[in-house]
Amino acid sequence: METPIELGGDYGKKICIWRNYLKDRYPLLLGFVFLSFIFFAVTGLYGYDDSVAKLFYAVILSLFAGCLIAFFDYLKYRGKCLKLQEALMRGEESDYYLPSPKGLIEGLYYDIVCQMGKEKRELVTELDEKRADMMDYYTMWIHQIKIPIAALKLLQ
């Protein structure tokens, strides 16, 4: 059984990847069950009694193929979740560690996150420049005040 991963930052909660995978993919499972029910219903309604066993065999084969596909899809899903968790744990510059987007929606989210990261870096740079300018101003002011004070002490 898989151990839950803990989200970093202010989240402080643990998530279980396989449960979230099932939540994300449950419409596909329901679709498979619904389609299987439709096939069995049509077979039963039209009196194809000898075809029910063959249909059941086809459903079992489809289920096996679906489980195999779901297993590899889960591995990909899990890898992406772990990469996202790693990016979250990095804190600063986390947008550099994001996995590459697959599909339009993920691409749009990726662009939003990268844009926000760029804006954050620009704001931090601007703040650093303002602090440096402020330190230069105070240093210059102190230096300019010291000269007249030193001159007054020499005149006394």
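Guide: Lys and Arg count as positive and Asp and Glu as negative, while His and the chain ends are not counted. The place of a charge is NZ of Lys, CZ of Arg, CG of Asp or CD of Glu. Here the chain has 19 positive and 20 negative side chains, with the centres of the two sets 4 Å apart. This is a predicted model, in which local features need pLDDT of at least 70 and side-chain atom pairs count only at pLDDT 80 or more, while totals for chains, interfaces and linings use all residues. Residues are numbered from 1 along each chain as its sequence is written, and side-chain values use heavy atoms, with hydrogens and water left out.

Visitor: How many helices and strands does the chain have?

Guide: Helices (H or I, at least four residues) and strands (E, at least two) are DSSP runs, numbered from the N terminus. The chain has 3 helices and 2 strands, in the order β-β-α-α-α from the N terminus.

Visitor: What is the radius of gyration of the chain?

Guide: It is taken over C-alpha atoms, and the globule rule is 2.2 Å times the number of residues to the power 0.38. The chain has 32 Å, whereas a compact globule of 156 residues would have a value near 15 Å. Its C-alpha atoms fill a box of roughly 120 × 30 × 20 Å along the principal axes.

Visitor: Which residues make up the largest nonpolar core?

Guide: A nonpolar core is a set of buried Ala, Val, Leu, Ile, Met, Phe, Trp, Tyr and Cys residues joined through side-chain atoms within 4.5 Å. Buried means under 20% relative accessible area (1.4 Å probe, protein chains only). The largest core consists of Ile17, Tyr21, Tyr74, Tyr77 and Cys81. Helix 1 (17-45) and helix 2 (52-90) each give two or more residues to this core, and helix 2 gives the most, with 3 residues. Buried residues make up 13% of the 156 residues in the chain.

Conventions. Buried means under 20% relative accessible area, exposed over 50%, partly exposed in between (1.4 Å probe, protein chains only).
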